[in-house]
Amino acid sequence: MNLVITGAALPDGTSTDLFVTAGRFAAQAAVGATVIDGAGLTALPGLVDLHTHLREPGYEQSETVLTGSRAAAAGGFTAVHAMANTSPVADTAGVVEQVHSLGAQHGYVTVRPIGAVTMGLEGERLSEIGAMAGSRAKVTVFSDDGRCVSDALLMRRALEYVKTFGGVIAQHAQEPRLTENAQMNEGALSGELGLAGWPAVAEEAIIARDVLLAQHVGARLHICHVSTAGSVEVVRWAKARGIHITAEATPHHLLLTEELARSYDSKFKVNPPLRRNEDVLALRSALADGTIDIVATDHAPHPLESKECAWDEASFGMVGLESALSVVQLAMVDSGLFAWADVARVLSSAPARIGGLAGYETAFAIGSAANITLYDASASRVFGLGDLRGKGLNTPYLGRTLPGRVIATIHNGYPTVLDGELVDATAVASAASDFEQRTSRA
Amino acid sequence: MRHLLSTRDLDLEAAVGILDVAEDMADVATREVKKLPTLRGKTVINLFFEDSTRTRTSFELAAKRLSADLINFSAKGSSVSKGEGLKDTAQTLAAMGADAVVIRHSASGAAQVLAESDWIDASILNAGDGTHEHPTQALLDAFTMRKRLHGNASRGRDLDGLRVTIVGDILHSRVARSNVWLLRTLGAIVTVVAPATLLPSGIDNWPVTIGYDLDAAVDDGPDVVMMLRIQAERMHAAYFPNTREYSREWGLDDDRLRRLRPDTMVMHPGPMVRGLEISAAAADSSRSTVLEQVANGVSIRMAVLYLLLASEGGAL
């Protein structure tokens, strides 16, 4: 399908027509191209998530590569990085190739598997990092996310070893002993509610250790879901010293605070936990000044029964793909901290760069694969279950008014979302296959 | 009252109201036939996810003295699994037509989750949720203090100016939390004494004075000393070096007992570990209110069940 998108505003504020021919950006319209009216809409480069839990293989009752890909497309994403904590764990070439090929086959988004740092996420022996890097999945990001690589020697070795393959370790910073049975942010509220505390120091101490290790061995380091003002200070200090560190914040940590735990409603239970308002504001300004590089969703679907219970018994995690762009608009754009070019940076070009994903360096460049998110920033909606497209219903935003709406998502030149609705799975899969064949011939 | 989930949301009028109804209930225990027909036809379920023979028995007696049908539903050890346990059990009890559910659960907030869910419509009575609250324990403690102070002239009184010192594991104690909020509402002045490891973070914002030194607290001449139990699982988690040191620093031993005023009340929510947080002499002294607390517990629970079930939609 060839496309013309007319009159959409680019992230820099200018308006233009965009032409997509044979999956790629072109200088002019192809004959017979389908026209999408972009007037009043913002055209963003396709969004890239560096932190998604697709749950397949092993936890298909929570999410599959297909359902997670559909949730991603609905949220305006054209690429996601799938975390390794599946069953079996993505610690061998076989598992990452399976996830990669499922993603390619379904075609809603580019699925980039993340490999486990350690075998079985057990934190004892390195997984087959070289095999995963050299596999058809071409893994460049390695993470034990969900667990911290807490052993200092193993972390040092991982940082060094991954350097060999040009990859990066994405650390889930959580000192395990300081967070045994932890349930929510440690502070006055956890004391009052009688919920075991997850202290900020448990995150900050690991980040401090790891930036020093990264400096010592001259490796790159990425910090997942930074959640505290103290962590921001450590990251800022490390960057000032020239250490090769990048950091992400989740949409929910940019908007929600620990006060929500007062309800004991476990849809607000997440790891790292929601923090204080001071932390939310520190994360926003760190994202605005570049100390935090990107927004990543930590989309963590769970079946209903994992959340319909007492707080202590509930699973950690929230779904985030479908709401991410709206939440970033609310927290960063509508608050005046961000222009749309900044949104494009933290949700597309920067996560692609960290993840080693080519084609996102320059938005809308002629000849590159066409990945576009067409967004109506002036829309407003009361977020409901009907806005979710994955299997997980565990969103913290139910009943909240959120700005914006994804109107269309274009992945490799074919639409995955049109008029705000997902395109049929068969049509998407067939378009994906066409693009694949054209690319391999070229 | 629709539910009783915490003492934090009780205002002065409601708190004194419960204590006054409990006075009436206490009178029932002195009669030859210790029973009222008030809750005949009502079904009360004791839903205990954690063992607690004392609290369960106290609620059982309270419900029976009010002629309610009481069923003990022990969820512990049954096939109740993680996750769906609370919801399925609640829906089962709703289907059985429970009017009130007395819930004890190891997770903080479990009673509130039940009350705010659409799984069950019954009145929810929190009989201890994790390390959050245990409101009937605080009410019976306040009732006991008021009774010792004012005897038969207790009705209508609060605890204005009473100096209460709570000693021990504040961090993990739902009894301490419920007591702090209720005692503040009733006008008492509360001091907590514990090693810093057993104080919750943010306690600086609680309406209490904080101390580490039990000797200083004893010599300060409090009206009430409330000793909290040290649970076995804390002893191996680096909260303090060992029980000998804990006992030496924060136990109410014979020497500290002697230094208290003769009319200082010594309270303990039970079960006590004699020789650890409280000496045998302290537990058995005339200052000790331990057995009065047990007796008053039945009166308080009768009062709460009565207020939840007998006066639906209106005040007493």
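Me: How many residues of chain A are in contact with chain B?

Reply: In chain A, 20 residues are in contact with 23 residues of chain B, where contact requires C-beta atoms, placed from the backbone, to lie within 7 Å. The model is predicted, so local features need pLDDT of at least 70 and side-chain atom pairs count only at pLDDT 80 or more, whereas totals for chains, interfaces and linings use all residues. Residues are numbered from 1 along each chain as its sequence is written, and chains are lettered from A and ligands numbered from 1 in the order in which they are written.

Me: Which element of chain A gives the most to the side that touches chain B?

Reply: Helix α5 (residues 188-193) of chain A does, with six residues. Helices (H or I, at least four residues) and strands (E, at least two) are DSSP runs, numbered from the N terminus.

Me: Where do nonpolar residues gather, and which residues have the most contacts inside the largest nonpolar core?

Reply: In soluble globular proteins, nonpolar side chains tend to be buried together. A nonpolar core is a set of buried Ala, Val, Leu, Ile, Met, Phe, Trp, Tyr and Cys residues joined through C-beta atoms within 7 Å. The largest one has 245 residues, and B:V101 and B:L305 have the most contacts inside it. Helix α11 (residues 290-309) of chain B supplies the largest share, 11 residues. B:V101 touches residues including B:I45, B:L47 and B:A122.

Me: Is B:G109 buried or exposed?

Reply: B:G109 is buried, because 29 other C-beta atoms lie within 10 Å; the cut-offs are 20 or more for buried, 12 or fewer for exposed, and partly exposed in between, with C-beta atoms placed from the backbone. B:G109 is found in the loop between β3 (100-105) and α4 (110-116) of chain B. Among the residues that B:G109 touches are A:L193, A:Y264 and B:H132.

Key: Contact = placed C-beta atoms within 7 Å. Lists of a residue's contacts leave out its neighbours within four places in sequence.
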